Amino acid sequence: MGATTAYSSPSATKSVLIGGTFANNTGSSVNLTVQVFDNSASTEVGLAGKIPVPNGSSFVISDAGKTVLESSDEIRIYCDSANAIDATLSILTGVS
């Protein structure tokens with residue numbers, strides 16, 4: 001499946017990804033990949049790769065590490081099943 005952009009940092013603004021929860025809303029296991037798209041370098045960096053998320057379960061990005069997003073950077077979600085993941089992100093915006 002293609003990427004779904006879960007968040008895009010506003011232009012001329014920095015944001016910080018504090019954490020996130022990715023819940024499987026299907027009746028079977030799915031594989032989840034979460035990446036940051038660095039707009040200035042036009043590259044993707046993985047936060048979590050091909051994580052199996054069983055039905056009725058979720059994957060949590062801990063608040064132990066923070067990810068700084070520059071202007072127009074994106075959080076992208078890939079899943080091997082369409083409409084299988086509900087994502088909730090904790091993001092601090094307007095960071096200088």
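Guide: Let us begin with the pocket: strand 7 gives the largest share of the lining of the largest pocket, namely three residues. Please keep in mind that this is a predicted model, in which local features need pLDDT of at least 70 and side-chain atom pairs count only at pLDDT 80 or more, while totals for chains, interfaces and linings use all residues. Residues are numbered from 1 along each chain as its sequence is written, and side-chain values use heavy atoms, with hydrogens and water left out.

Visitor: What makes a set of points a pocket, and which residues lie nearest the centre of the largest pocket?

Guide: On a 1 Å grid over the protein atoms alone, a pocket is an open set of points with protein on both sides within 12 Å along at least five of seven lines, whereas a cavity is a set where a 1.4 Å probe fits but cannot get out; a lining residue has an atom within 4 Å of a point. Twelve residues line the largest pocket, and Thr 4, Ile 77, Cys 79, Asn 83 and Ile 85 are those nearest its centre. Two or more lining residues come from each of strand 7 (74-79) and strand 8 (85-95).

Visitor: How do you know the volume of the largest pocket?

Guide: Grid points are joined across faces, edges and corners, and the volume is the space filled by probe spheres set on the points; for the largest pocket this comes to about 170 Å³.

Visitor: How many residues of that lining are nonpolar, polar or charged?

Guide: Ala, Val, Leu, Ile, Met, Phe, Trp, Tyr, Cys and Pro count as nonpolar, Asp, Glu, Lys and Arg as charged, and the others, Gly among them, as polar. By that rule the lining has eight nonpolar residues, four polar and no charged.

Visitor: Why are strand 3 and strand 4 called a pair?

Guide: A strand is a DSSP run (E, at least two residues), numbered from the N terminus, and two strands pair if DSSP finds at least two bridges between them. Eight bridges join strand 3 (residues 30-38) to strand 4, so these antiparallel strands meet the rule. Val 36 has Val 45 of strand 4 as its bridge partner, and Asp 38 stands opposite Thr 43. In their hairpin, with four residues between the strands, Ser 42 has a positive phi near 55°.

Visitor: What makes strand 1 and strand 4 edge strands?

Guide: The open sheet has four strands in the order 1-7-3-4, with antiparallel pairing, and strand 1 (4-8) and strand 4 (43-53) each pair on one side only.

Visitor: Why is Arg 76 said to sit over the ring of Phe 37?

Guide: The rule asks that NZ of Lys or CZ of Arg be within 6 Å of the ring centre and within 35 degrees of the ring normal. The charged end of Arg 76 is 4.0 Å from the centre of the Phe 37 ring and sits over that ring, so the term applies.
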